[in-house]
Amino acid sequence: MPVVTAPYKPGTPCWVDLTTSDQQAALDFYRDLFGWQGEVGPAEFGGYAVCSLNGKPVAGIMSRSEAGESGQPLPPVSWTTYLATDDADAAALAVVGAGGAIIHPVVEVGGTGRMLVAADPTGAVFGVWQKLEFIGAGIVNEPGALVWNELNTTDTAAAGRFYQQAFGLRPGTIQGMEGFYSLNVGDHTVGGMQPVAGYLAPGTPSHWMAYFSVDDTDSTVDALVKAGGSVIQPPFDMQAGRMAVVRDPQGAVFSVTSTPDSP
């Protein structure tokens with residue numbers, strides 16, 4: 001079991017959470033799809049639910065009505081990828097200095113960590129997490145858990161410069177995958193980046209995509225559709241395995257993937 005106990009290195013995707021219009025319905029949906037356990041959290045944290053898999057934290061789910069600020073439009077139904085940092089305040093300055101924008105400024109989350117939400121120069125929204133007591137995902141690369149985070153962007157050159165300057169994420173080419181880039185912390189690949197054009201529908205904005213590992217992509221997609229979800233890209237084979245791009249019943253987009261080594 002790929003359990004994570006050490007803090008994530010700065011720049012590494014360390015957590016994902018879902019902002020949704022019906023929190024309980026989302027909790028039920030992902031429980032049935034991935035086997036997650038979770039419940040609406042304490043009111044002082046806006047009901048934020050930390051979902052677990054095999055007893056380890058795997059993802060968060062919150063109500064968009066709680067995530068929005070008073071007088072501001074509600075945030076979209078979506079999954080958000082968080083990048084690790086040792087200093088959230090310094091990260092916020094780095095984001096702005098590299099040409100990004102702060103959407104929600106740095107805030108401490110009940111002693112567990114400090115976070116902010118930002119957008120890169122191409123418009124992709126992401127979070128930043130500084131651990132205090134909570135490092136992020138406690139299990140990864142396991143069926144039902146996060147396995148990959150990928151930036152789909154309208155401008156790979158601009159995005160690559162931004163994430164390298166702000167977070168030290170170094171883009172690298174991958175042999176046999178023209179137009180696709182790895183994102184690296186030191187010598188370790190922690191995510192990917194590719195042009196959104198030609199991958200998703202024309203006009204799709206820049207975004208971070210969360211990928212969850214599953215035992216069988218086709219059967220997972222079948223179960224998702226039966227539960228009210230929909231398919232954006234049906235299951236297809238790629239270099240790393242078999243994947244699909246899907247939408248949950250409330251509209252949040254994510255990907256599922258199985259590898260040849262999956263059970």
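Mentor: F29, Y30, F34, W36, W79, F212 and F254 form one aromatic cluster. This is a predicted model, in which local features need pLDDT of at least 70 and side-chain atom pairs count only at pLDDT 80 or more, while totals for chains, interfaces and linings use all residues. Residues are numbered from 1 along each chain as its sequence is written, and side-chain values use heavy atoms, with hydrogens and water left out.

Trainee: How many aromatic pairs does a search of the whole structure find?

Mentor: A pair of aromatic rings is described by the distance of the centres and the angle of the planes. Rings of Phe, Tyr and Trp (its six-membered ring) pair if their centres lie within 6.5 Å, and planes under 30 degrees apart count as stacked, over 60 as edge-to-face and the rest as tilted. The search finds 21 aromatic pairs. F34 and W36 form a tilted one, 5.3 Å centre to centre with 40° between the planes. The rings of W129 and F134 have centres 6.1 Å apart and planes at 85°, so that pair is edge-to-face.

Trainee: Is W36 buried or exposed?

Mentor: Buried means under 20% relative accessible area, exposed over 50%, and partly exposed in between (1.4 Å probe, protein chains only). W36 counts as buried because its relative accessibility is 2%, and F34 is buried at 7%.

Trainee: Which residues are buried in α1?

Mentor: Helices (H or I, at least four residues) are DSSP runs, numbered from the N terminus. In α1, Q23, A26, L27, F29, Y30, L33 and F34 are buried. Seen down the axis of α1, these buried residues fall within an arc of 165° (taken from the directions from the helix axis to the C-beta atoms), so they line one face of the helix.

Technical notes. Helices (H or I, at least four residues) and strands (E, at least two) are DSSP runs, numbered from the N terminus.
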